[in-house]
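Have the model open as you read.

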Amino acid sequence: IPDQFKTLQINLQIAKLYRQLGSINNCKKYYFNCLAQNVFTIEALFALIDIGTSAQEIIPYYANVPLNFKWLITLINARSSEQAFQFEEAIKKYHSLFNQFPKNTYCLEAIGRCYFQSNEFDRAEYFLELLRNTDQLSLNSAELYASLLKIKNKYLEVNKLVCSINSIGNTNRPEMWMVNAIYLGMKNQKKKAINLAQYAITLDPIHPYAHFLLGTLLLPTNSQQKNQIEQALSEFREAYKLKRDLATWQGLVNSYLRLQNTQAAYHYALEAKQAMPKTSEAISLLANV
């Protein structure tokens, strides 16, 4: 199809396919085509930032937006700061947006997500719970909320979340299946949990947390199960290809160490340390290699 005949939806689907393949340059081209057609294509905007496109490359597309939409520049800078692991700066910008748009669920989700990634779990729980209370039908970042409650050993709260999510009945969203997979994993029903995580990936092949979750569920406690470790590693690689964060680096390093590939483990641990030099978990990751 010649470029001039590609609709916004076609450009978006091509971009997603290239992202799934890991072809970043082609992926960026088609996401930028989406912005050229409609600067309010937020899915394309967020995807560009998540694959490492700088704010300086994106902002020129918003030079002619009306004054009452200038908040988009703040949003771009906030998401870019988050992508660069500058969580404190990102939270400030998201709070600025939240002051402009009180009770905005995206801002609540983003602030909670930043606190989660910076391991400030109490604050993350506050904002993700506030998100759920503000919009009880929202599934956004429900998998992070479930994961957070699991980290804090709040098993009863995870059970309540599963019941709430299932009652919504939106089976086309991967978050529903991921939340259930997390809960089944907590109950040591690994096979069922793995099946649900795999189904979440079929619904959204470019959801990084779905691949990370499947990798975590596949990773065995026994280092002798080499094939299963390699399967887990494959999922961590997919998650890494889509979005880099501390949890994915930890999954990669742990997998490579179990495969006795110290060189690869050191590479990813060093990368994590360079990306997050003040984070104790990233420092520990490198020290453990």
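## Starting at Glu129

Let's begin with Glu129, which sits in helix H8 (residues 121-134). Bear in mind that this is a predicted model. Is Glu129 buried, partly exposed or exposed? Its relative accessibility comes to 34%, so Glu129 counts as partly exposed.

## H5 against H6

Now for a helix pair. Two packed helices are described by the angle between their axes and the distance between the axes. For helix H5 (residues 71-83) and helix H6 (residues 87-100), the axes come within 8 Å and cross at roughly 155°. Angles over 145 degrees count as roughly antiparallel, and H5 and H6 are therefore roughly antiparallel to each other. The crossing of H5 past H6 is left-handed.

Who does the touching? On the H5 side, the contact is made by Trp71, Thr74, Leu75, Asn77, Ala78, Arg79, Ser81 and Glu82. H6 answers with Phe87, Glu89, Ala90, Lys93, Tyr94, Leu97 and Gln100. Sorted by type, the residues of this H5 and H6 contact come out as 7 nonpolar, 4 polar and 4 charged.

## A closer look at Glu82

Glu82 deserves a stop of its own. This residue lies in helix H5, and its relative accessible area is 3%, so Glu82 is buried.

What is Glu82 in contact with, once its neighbours within four places in sequence are left aside? The list runs to Phe87, Ala90, Tyr94, Arg113, Cys114 and Gln117. Phe87, Ala90 and Tyr94 also turn up on the H6 side of the helix contact.

## H1 against H3

The next pair is H1 and helix H3 (residues 42-50), whose axes come within 11 Å and cross at roughly 25°. Are they roughly parallel or roughly antiparallel? Angles under 35 degrees count as roughly parallel, and that is therefore how H1 and H3 run relative to each other. H1 goes past H3 in a left-handed crossing.

At this contact, Leu12, Lys16 and Arg19 of H1 meet Glu43, Ala44, Ala47 and Asp50 of H3. The H1 and H3 contact residues split into 3 nonpolar, no polar and 4 charged.

## Rings

How many aromatic pairs does the structure hold? The count is 17. One of them joins Tyr18 and Tyr30: the ring centres are 5.8 Å apart and the planes sit at 20°, so this pair is stacked. Tyr18 belongs to helix H1 (residues 8-21) and Tyr30 to helix H2 (residues 24-37), so the pair ties together parts that are 12 residues apart in sequence. Tyr18, at 26% relative accessibility, counts as partly exposed, whereas Tyr30, at 9%, counts as buried.

Trp177 and Tyr199 make an edge-to-face pair, with 5.0 Å centre to centre and 85° between the planes. Since Trp177 lies in helix H11 (residues 174-186) and Tyr199 in helix H12 (residues 190-203), the pair ties together parts that are 22 residues apart in sequence. Trp177 counts as buried at 18% relative accessibility, and Tyr199 is partly exposed with a relative accessible area of 38%. Finally, ring pairs link Phe40, Phe69, Trp71 and Phe101 into a cluster; Trp71 is also one of the H5 residues in the contact with H6.

Conventions: Residues numbered from 1 in each chain as written. Predicted model: local features only at pLDDT ≥ 70, side-chain atom pairs only at ≥ 80, totals over all residues. Heavy atoms only, no water. Axes fitted to C-alpha atoms, helices over the stretch in contact; angles between N-to-C directions. Helix = DSSP H or I, 4+ residues; strand = E, 2+ residues; numbered from the N terminus. Parallel < 35°, antiparallel > 145°, perpendicular 65-115°, else oblique. Left-handed = near helix turned anticlockwise from the far one by under 90°. Contact = heavy atoms within 4.5 Å. Nonpolar A, V, L, I, M, F, W, Y, C, P; charged D, E, K, R; others polar. Phe/Tyr/Trp six-rings, centres within 6.5 Å; stacked < 30°, edge-to-face > 60°. Buried < 20%, exposed > 50% of the residue type's maximum accessible area, 1.4 Å probe, protein only.
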